[in-house]
Amino acid sequence: MIEITNDFQIKSYGRFPEVLSEQVQFKDRMVEVSKLYKSMGESYLQHLGDDAKISGTEKKDLIEYLENILIVLVMLRKLDFAQTDEEVYIRKDRGLFELRLRFGEGGIWELTGNIRPEYKMKQRVFKDWFNSDFSNDIKTFYAVYGNAGLDKTISPDEKIQITKQIDRIIAEIIEMIVYIERFMLFQ
């Protein structure tokens with residue numbers, strides 16, 4: 001689903017799955033993120049097995065989980081927290097890593113971006129990334145949302161904070177997909 005060129009241009013597009021794209025299905029989208037996150041962790045542990053190695057097929061499975069989480073997060077961003085955004089820019093490290101999300105009619109979305117040669121990708125082990133960085137980002141997302149919803153109303157400022165956390169996770173997922181496909185060692 002995500003195409004990465006040799007010079008680290010990134011492109012992906014699609015349509016929101018109808019099963020989760022109705023406005024009233026907000027809780028289903030939130031549950032789906034948790035379910036996919038948990039399943040990805042279980043899949044990784046299962047693939048690791050006794051040989052402590054991950055094959056090409058197993059890497060593909062992990063990327064597929066990350067892409068599925070990405071789609072649901074993009075849906076949450078557009079349908080639940082930032083309905084009016086037609087185009088969004090997500091930047092890391094002063095724009096050395098940049099993504100652009102565009103939304104069209106009927107649940108169509110497009111993600112493009114690039115990673116410049118000066119951008120320093122973190123040298124990581126998947127297990128460490130998953131257990132610390134990604135887990136913390138997901139937990140923070142649910143905590144920010146939970147705190148915002150305590151009074152049963154999410155204000156525009158709270159929606160902005162939630163969207164910022166979603167954007168942070170989107171960038172992290174894209175970076176990890178690039179890293180898995182091009183650089184990462186598995187343990």
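I started with the rings: Tyr37, Trp129, Phe130 and Phe134 form one aromatic cluster. I count Phe, Tyr and Trp rings (six-membered ring for Trp) as paired if their centres lie within 6.5 Å, with planes under 30 degrees apart called stacked, over 60 edge-to-face and the rest tilted.

This is a predicted model, so local features need pLDDT of at least 70 and side-chain atom pairs pLDDT 80 or more, while totals for chains, interfaces and linings use all residues. Residues are numbered from 1 along each chain as its sequence is written, and side-chain values use heavy atoms, without hydrogens and water.

My search of the whole structure gave nine aromatic pairs. In one, Phe26 and Phe81 have ring centres 5.8 Å apart and planes at 80°, so I noted the pair as edge-to-face. Phe26 is in helix H1 (residues 26-48) and Phe81 in helix H2, so the pair ties together parts 55 residues apart in sequence. Helices here are DSSP runs (H or I, at least four residues), numbered from the N terminus. Both Phe26 and Phe81 are buried (under 20% relative accessible area, 1.4 Å probe, protein chains only; exposed is over 50%, partly exposed in between).

Next I looked at H2 and H3. The axes of H2 (residues 56-81) and H3 (residues 126-148) come within 15 Å and cross at roughly 15°, which makes the two helices roughly parallel (angles under 35 degrees; axes are lines fitted to C-alpha atoms over the stretch in contact, angles run from 0 to 180 degrees between N-to-C directions).

Conventions:
Angles under 35 degrees count as roughly parallel, over 145 as roughly antiparallel, 65 to 115 as roughly perpendicular and the rest as oblique.
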